[in-house]
Amino acid sequence: MIQPSLQQQIQLAVNDLKMGKTIAYPTEAVYGLGCDPFDEVAVNNLFHVKQRPIEKGIILVAGSVEQIESWVELIGAPWEQAVLSTWPGPVTWVLPIKKPMPDWVTGGRNTVAIRVSNHPVVKALCKGFGGPIVSTSANVTSHAPAKSCKEVVEFLSDKLFCIDAELGGLTKPTEIREAKTGKVLR
């Protein structure tokens with residue numbers, strides 16, 4: 001069987017996202033699991049695959065600041081420069097939300113964790129999808145994250161569509177910072 005091109009894989013993944021399915025994709029350091037963050041059934045399915053409690057909330061990843069600026073307090077905020085100086089890039093920021101987001105996204109808090117990635121596959125996925133997607137490591141909770149499609153299948157399922165492409169070169173998961181305090185959370 002001929003492997004689809006990277007562009008074809010991205011389009012297949014975007015189609016799955018739009019149908020409420022969970023996908024696996026390369027990020028800066030590990031493979032991630034993604035779905036439509038505003039589709040409760042999709043998010044519940046993703047949490048079922050990971051065996052993770054939904055109360056934790058999720059990290060979103062976007063392909064551009066424009067995809068998230070209507071959701072979070074960023075432009076004109078005291079932390080705007082600090083955040084924008086790291087984006088696009090491997091830093092996730094916990095930002096105050098401007099308008100209500102589902103509890104399964106925020107974990108019931110008035111903040112959301114978001115990263116604007118510079119990884120070409122992530123950017124293409126978010127552009128094709130038309131907004132941010134869920135970004136959580138491709139693993140069962142408390143196990144090491146997958147670093148290839150082969151490991152995604154081995155650890156989780158052969159039913160997930162996995163984009164077979166290179167990781168971004170980081171050796172550890174992306175840093176998480178709190179915008180209001182600048183505190184490093186991970």
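Trainee: Where is Gln-51 found?

Mentor: In this predicted model, Gln-51 is in the loop between helix 2 (40-50) and strand 3 (59-62).

Trainee: Why is Gln-51 called exposed?

Mentor: Its relative accessible area is 58%. The label requires a value over 50%, so Gln-51 is exposed.

Trainee: Is Ser-142 buried or exposed, and how do you know?

Mentor: The relative accessible area of Ser-142 is 71%. Exposed means over 50%, and therefore Ser-142 is exposed.

Trainee: Ser-148 is found in the loop between strand 7 and helix 6 (149-155). Why is Ser-148 called partly exposed?

Mentor: Buried requires a value under 20% and exposed a value over 50%. Ser-148 has a relative accessible area of 23%, so the intermediate label applies. Its side chain has a polar atom 3.1 Å from the backbone nitrogen of Glu-151.

Trainee: What makes the pair Glu-28 and Arg-115 a salt bridge?

Mentor: The N to O distance between the two side chains is 3.3 Å. The cut-off is 4 Å between a side-chain nitrogen of Lys or Arg and a carboxyl oxygen of Asp or Glu, so this pair qualifies. The pair links distant parts of the chain, with Glu-28 in the loop between strand 1 (23-26) and strand 2 (31-34) and Arg-115 in strand 5 (residues 111-116), 87 residues apart.

Trainee: How do you know whether Glu-28 and Arg-115 are buried or exposed?

Mentor: Glu-28 has a relative accessible area of 7%, and Arg-115 has 3%. Buried means under 20%, so Glu-28 is buried and Arg-115 is buried.

Trainee: Which side chain joins that of Ser-117 in a polar contact, and why is the term used?

Mentor: The side chain of Glu-28 does, at 2.7 Å. A polar contact needs N or O atoms within 3.5 Å, so the distance meets that limit. Ser-117 lies in the loop between strand 5 and helix 5 (120-129), and its relative accessible area of 0% makes it buried. Beyond its neighbours within four places in sequence, Ser-117 is in contact with several residues, including Val-61, Pro-88 and Lys-123.

Trainee: Why does the pair Lys-21 and Asp-16 count as a salt bridge?

Mentor: Their closest N and O atoms are 3.9 Å apart. The limit is 4 Å, so the pair qualifies. Asp-16 is buried at 13%, whereas Lys-21 is partly exposed at 41%.

Trainee: What are the corresponding values for Asp-158 and Lys-159?

Mentor: Their side chains meet in a salt bridge with an N to O distance of 3.9 Å. Asp-158 is exposed at 59%, and Lys-159 is exposed at 76%.

Trainee: What makes Thr-136 buried?

Mentor: Thr-136 has a relative accessible area of 11%. Because buried means under 20%, the label holds for Thr-136. Thr-136 is found in strand 7 (residues 136-137), and a polar contact of 3.4 Å joins its side chain to that of Lys-50.

Technical notes. Residues numbered from 1 in each chain as written. Predicted model: local features only at pLDDT ≥ 70, side-chain atom pairs only at ≥ 80, totals over all residues. Heavy atoms only, no water. Helix = DSSP H or I, 4+ residues; strand = E, 2+ residues; numbered from the N terminus. Buried < 20%, exposed > 50% of the residue type's maximum accessible area, 1.4 Å probe, protein only. Polar contact = N/O pair within 3.5 Å; in protein donor to acceptor, adjacent residues only side chain to side chain. Contact = heavy atoms within 4.5 Å.
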